[in-house]
Amino acid sequence: MKFLDSFEALRRWVRVLFLSRLLPLFLATHLFATENSPARPEENYVIVNWQVQDGLPSARINDIVQTRDGYLWLATLDGLARFDGVRFERFSETDTPGLLNGMVTCLLEDRAGRLWYGTQSGEIGWRDGTGFHALRGAGGRLLDRVNRLIEARDGTLWASSSQKLLPITNGVPGEIIVRPQQHSIWDICAADAGGVWVLVDGGNLYHLEVGSDKMALVIPGQPGQWRNLIQSESGGIWVREGQCLRRWLDAGWVENRGVVDLQVTENIALRELASGKLIVGTYGQGLWLLDENGTRRKLDHTSGLSHDQVLSLCEDSEKNLWVGTVHGLNRISRRVVTMVTPADNWLNRAVATLAPAADGGFWVGTEGAGLYRISFDGQVLSHQSDDLWLQDYIRCVLEDSQKRIWTGLFGGNLRVRNKANLRGTILPDSAEGYVNALFQDSQKRVWVGTTKGALLFPDAGLQPSQRFFSNEDIRCFAEAKDGAVWLGAESGGLFEFKDGAMRAQPASAPVKLNNIHALHFDSQATLWIGTGGNGLAYLKNNLLGTLTDRQGLPDTKISDIQSDRRGNLWIGAASSLFRIDRKQLDEFTAGKINSVNCLQLGAGDGLGTREIPGGFQPIACQTADGRLWYVTSVGLVAVDPNSIRPNDQTPPLVIEFIKADDKMIPVSGVAADGDSKKTSLRLPAGVRQLEIHYTALSFSGPSQVRFRHRLEGFEKNWTEAADQRVATFTHLPPGQYTFEVTACNNHGLWNESGVRLKFQVLPFFWQTIWFKGLIGLAIIGVVWIAYRIRRARLLALEQLRQQIARDLHDEVGANLGSISLLTEVMELKPQPGDLSQIRMTANQTVDTLRDLVWIINPAHEHFSDLRQRLEQIAALMLASHQYEFSVDDRSNNVKLPLELRRNLPPLFKEILHNIQKHAQARQVKIKLSCAAGIFTIEVADDGGGFDTARKRPGNGLKNFQFRAAEMGGQLAVESRPGEGTRVTFSATITKSRDWLKPFN
């Protein structure tokens, strides 16, 4: 039997070796699995660092300053860097006008908000809202290497090198003060009462009075012992004396922080935090943290510091400590999350599930390394690895009230173990499908959720008493105060088991659920439902509601839900671990607020990964000390809700620049307090793509900062931008816009005022108001002209109709009346000439009707048509005369106005009629032309003529003049007795004559 037991043990160890495939790791596990590894003091802090590959211009950080706008500025040997927590912006001498030298050694922000810098070669300059500027003296370079920049109480800036002090007043350099007694200047700082403290290599501490160039010896010291000094937040100055740090106030020493293991000859970086802690950065031993109570802690490269040679220190507005070394930038913050990992690192396998152990610690199931029992600090209390394939892959684990350990295996089996038999027993035919969840209710019954339903095991029983469903993938359980057990399914089904019956809840929900991965009842009896993509749902007072990323959730793939002792809700999600305040939960479910603010944990809090894998239960729990424990992709994490100090600093917001079609447009002077700029940026017309780049200056969790923005004049609602720091708009129409952006920090605190930027997209000239106004006036004018033309044409048509009616009445009607009268006379008393008279009258009537038809026909509007008509008239009326009809053929296609076409034939007939009746002419000459826009007809005969000056009876000439006036032309009659007669009619013909007539 002993042999079999030994053989079985050997097989188990071989199995572990086979799975790990790493003999050295096996040896480390064997030697140190039972060794306790208590947390070291430095593990209370989280160190995150950045290197050149992260965007730093140089890994050597000589100085760090946080300016009042919120940015961190870094002095390096390859220029300046501005850091917003996510991105570095580099300023070098090659691409930054005004920056004379990129080897920057020290920085200072003065009271006016200007950033001053000193360089290794002695240049001094500053940066303001207009750019970089160089401080120039009469002799060129002012100092040697600039070691320190400070601002005295009176506003004077002081720059120090190893041999000189330079005062700077209102940007103007003063008279250089040479080192006292030929001693090198090691350090300077401002004095509380005014003036400057000066520490020299002789060990003496001098005071330089305001307005004086003489230094008074105040504290004599030992050569080589005093190396550094800084101004104390509590008053006075801190002086480093050898290995001691002491505070001098007024006229004596008032505080001593004890002895620190420092090299006497080396300089150090010294900083006093707002909390009173003194930070000492050494040149090879890392960082010392000295509390007021005498506690000393050390952080070095073994703690995560990028290098042990520290050059610079800075505390930001959120109480993070920034450390610059010769090999990168470091942020040190207080740890909130504790990572728990055994010495064997789970045999390099992923952790899948955990459950509290009755005798302390946890049971932890892994994907391939078996089952662990570990203590709270990561000590391995036991480790069980099976020798059957897939039995080391544990999906879920539970210790029941009888101290039996239930495990759901990846192979689909359900195993129950106990202390006497850690290998356990696989329950035959108990589990159908893969086991997803294990849960024990208040009646000590064990619930098993599988991919093919749910099983209920009675207390102390190993055979299921009930089976539920056959096609539901059950993922989670929760128990209400009334003892009802609720089940959540991957399909979105939500079920309640109460009084021995299972029913679906709610029967008719207005909210559709799916992928339910977590259930939790809070202290208010509200059931919270975590889904695998649709955020949180909640069932309260039989009403179902939802809470998604639109209402403030940083992640909608929920893995687990827990409540801390204050009733706050802790949510583990696929890419986030966050908390929702109890008060906000109540207000949201009551409909008083529309969104919630979430406190997020990240790398700055000590969280090695933000992924809380979901789909199985249990993956989280709460221990008796109030800590919350979670399974992550890299191991276990513990969160102490009571240790979280809220980040009450709203993130300052800055709009950095605008990019219009890849053209950078700088933005300066935008206030971060929400005030609008008085001046508006003007963007060129036709911008196709507009990018607005902004940032929020929160350094505690920069990757967890969330933004929302809105463009007034283009959109009404806010856009949830998550962690994106650029807003993109395409094809904005011309107009005035105001861009607004707000942000919240990692603890969900929003900068409600945000920041605004006004800008204008200029229009093309055809998009301007004046151009549109002109177009509008033009359209109105065209419509008016069209109306007048149409009205004039209608009037002309009406006049034509009236004229035709008169002609028909006067001539045709009269002629027909004459014919009727003659026929009556012939019936009573026929005369020999009556038929001839009737024939002549009928011919006249036909001729008149022919003229009317010709005038009405719109096809007869050209000069050639009128010519043809006049030739017909001439041929008819001058049949007994010799006549000559000449025409200018170039005018055939000229269109003639209606008045001319209507009045010219009758006028032509009357002229020819007079020639027939009175002229006794033998020959007639007719000339017709329409050249250069002038219509002319000339009729000349060789008849007897007449005296034009003598008045003649009749209305012939008057009728001529009347018809000429209607045609808008002029009529000239030339005649002398015995010399014949010449009648000339002329009229100007233009294309616009018809439509211009209404406006004449």
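This note sets out numbered points on the predicted model shown above.

1. Basis of the values. The model is predicted, and local features need pLDDT of at least 70, side-chain atom pairs count only at pLDDT 80 or more, and totals for chains, interfaces and linings use all residues. Residues are numbered from 1 along each chain as its sequence is written, and side-chain values use heavy atoms, with hydrogens and water left out.

2. Overall composition. The chain has nine helices and 71 strands; helices (H or I, at least four residues) and strands (E, at least two) are DSSP runs, numbered from the N terminus. Of the 1000 residues in the chain, 50% are buried, where buried means under 20% relative accessible area, exposed over 50%, and partly exposed in between (1.4 Å probe, protein chains only). The chain exposes about 47,400 Å², and carbon and sulfur atoms supply 51% of that area. Accessible areas come from the Shrake-Rupley method with a 1.4 Å probe, and for residues only the protein chains shown count as cover. Among contacts (heavy atoms within 4.5 Å) with a separation of 6 or more, residues 24 or more positions apart account for 53%.

3. The largest nonpolar core. A nonpolar core is a set of buried Ala, Val, Leu, Ile, Met, Phe, Trp, Tyr and Cys residues joined through side-chain atoms within 4.5 Å. The largest one has 34 residues, of which Leu 904, Phe 908, Leu 912, Phe 935 and Phe 985 touch the most other members. Two or more residues each are given to this core by α6, α7 (898-919), β68 (923-931), β69 (934-941), α8 (956-966) and β71 (981-988). The largest share, eight residues, comes from α7. Another core, of 31 residues, lies apart from this one and includes Leu 599, Ala 620, Leu 628 and Trp 629.

4. Phe 985 and helix α6. Leaving aside neighbours within four places in sequence, Phe 985 is in contact with residues including Leu 900, Leu 904, Leu 907, Phe 935, Ile 937, Ala 964 and Met 967. Helix α6 (residues 863-877) has 15 residues and reaches 21 Å from its first C-alpha to its last, close to the 21 Å expected at 1.5 Å a residue; the expected span is 1.5 Å times one less than the number of residues. Its buried residues include Phe 863, Leu 866, Leu 870, Ile 873 and Met 877, and also Asp 865 and Arg 869. An α-helix has 3.6 residues a turn, so residues three or four places apart point the same way.

5. Salt bridges. The structure holds 32 salt bridges, each a side-chain nitrogen of Lys or Arg within 4 Å of a carboxyl oxygen of Asp or Glu. Arg 148 pairs with Asp 187, their closest N and O atoms being 2.8 Å apart. Because Arg 148 lies in strand β10 (residues 148-151) and Asp 187 in strand β15 (residues 185-190), the pair ties together parts that are 39 residues apart in sequence. Arg 148 is partly exposed at 33% relative accessibility, whereas Asp 187 is buried at 2%.

6. Two further pairs. Lys 403 forms a salt bridge with Asp 359 at 3.3 Å between the closest N and O atoms. Lys 403 is in the loop between β35 (394-399) and β36 (405-409), and Asp 359 is in the loop between β31 (351-356) and β32 (362-366), 44 residues apart. For Arg 706 and Glu 720, the closest N and O atoms are 3.9 Å apart. Arg 706 is in strand β62 (residues 706-712) and Glu 720 in strand β63 (residues 719-722); Arg 706 is buried, with a relative accessible area of 10%, and Glu 720 is partly exposed, at 34%. Salt bridges that share partners also join Arg 82, Asp 84, Arg 87, Glu 89, Glu 656 and Arg 725 into one network.

7. Ser 161, in the loop between β11 (157-160) and β12 (164-169), is buried, with a relative accessible area of 1%. Beyond its neighbours within four places in sequence, Ser 161 is in contact with Leu 143, Asp 144, Arg 145, Asn 147 and Ile 185. His 517, found in strand β47 (residues 516-521), counts as buried at 14% relative accessibility. His 517 and Thr 531 are 14 residues apart in sequence and 5.5 Å apart in space, C-alpha to C-alpha.

8. A nonpolar surface patch. Phe 764, Phe 765, Trp 766, Trp 770, Leu 774, Leu 777 and Ile 780 form a nonpolar patch on the surface, with about 790 Å² of accessible area together. Patches are made of residues with over 30% relative accessible area and no salt bridge, with like charges joined within 9 Å and nonpolar side chains (Val, Leu, Ile, Met, Phe, Trp, Tyr) within 5 Å. Leu 774 lies in helix α4 (residues 769-828) and is partly exposed, at 47% relative accessibility.
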